[in-house]
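Subject: Structure handover

Hello,

Here is the structure I said I would pass on. My notes on it follow below.

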Amino acid sequence: MTTMCIKLAGLNVFISYPFFAMLTFALMFDADGKKSLCILASAIHELAHIVAMKGLYNSHIRISLSLFDFCIASDNDIKHTYSSDIIVSCVGPAANFFLFAIFRFIGVCDTFAYANLLLGIFNMLPLASFDG
């Protein structure tokens with residue numbers, strides 16, 4: 001078995017063992033805390049997508065975490081519209097831009113602020129696996 005399944009708040013989360021090992025290794029050697037802040041920014045980004053999907057589609061959501069891929073999918077029998085897909089795609093970067101603005105305005109934790117800015121910009125690139 002190469003993945004473990006966790007049921008979390010009505011979500012089916014599948015985590016591959018190599019992903020879990022990489023995450024553990026990254027956090028073990030995070031002396032300055034910057035990797036942890038980047039992982040937190042990514043988690044907030046993906047959580048925004050999940051909240052939007054639950055709110056718009058009200059369906060079962062499957063999350064798969066593997067070494068080189070992060071996939072969020074809903075039931076196939078749900079009717080998706082272009083506007084709802086655009087909203088789901090935009091809320092992740094919007095959450096990052098919002099957090100950047102808040103943390104820059106407060107002037108606290110510039111590393112977390114800029115991690116959110118870079119993640120938001122990076123995900124707006126027009127590539128197939130990104131949000132743009």
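To start inside the chain: A52 is in contact with V88 and V91, leaving aside its neighbours within four places in sequence. Please keep in mind throughout that this is a predicted model.

The largest nonpolar core has 12 residues: L11, V13, I15, F19, I50, A52, M53, Y57, I61, I63, L65 and V88. Three elements each supply at least two of its residues, namely β2 (11–16), α2 (34–57) and β3 (61–65). Of these, α2 gives the most, with 4 residues. Another core lies apart from this one; it has 5 residues, and A41, F112, A115 and L119 are among them.

Not counting residues up to four places away in sequence, N96 touches A41, H45, N116, L119 and G120. Is N96 buried or exposed? Its relative accessible area is 0%, and the cut-off for buried is under 20%, so N96 counts as buried.

Now the chain as a whole. It holds 4 helices and 4 strands. Read from the N terminus, the order of elements is β-β-α-α-β-β-α-α. Among contacts between residues at least 6 apart in sequence, 48% join residues at least 24 apart.

On overall dimensions, the C-alpha trace spans about 45 × 40 × 30 Å along its principal axes. The radius of gyration is 16 Å; a compact globule of 132 residues would have one near 14 Å, so the value for the chain agrees with that expectation.

Of the 132 residues, 29% count as buried. The accessible surface comes to about 8600 Å², and 71% of that belongs to carbon and sulfur atoms. As for charged side chains, there are 7 positive and 9 negative ones, and the centres of the two sets lie 3 Å apart.

That is what I have on this one.

Regards

Methods. Residues are numbered from 1 along each chain as its sequence is written. This is a predicted model: local features need pLDDT of at least 70, side-chain atom pairs count only at pLDDT 80 or more; totals for chains, interfaces and linings use all residues. Side-chain values use heavy atoms; hydrogens and water are left out. Buried means under 20% relative accessible area, exposed over 50%, partly exposed in between (1.4 Å probe, protein chains only). Contact means heavy atoms within 4.5 Å. The radius of gyration is taken over C-alpha atoms; the globule rule is 2.2 Å times the number of residues to the power 0.38. Accessible areas come from the Shrake-Rupley method with a 1.4 Å probe; for residues, only the protein chains shown count as cover. Lys and Arg count as positive and Asp and Glu as negative; His and the chain ends are not counted. The place of a charge is taken as NZ of Lys, CZ of Arg, CG of Asp or CD of Glu. A nonpolar core is a set of buried Ala, Val, Leu, Ile, Met, Phe, Trp, Tyr and Cys residues joined through side-chain atoms within 4.5 Å.
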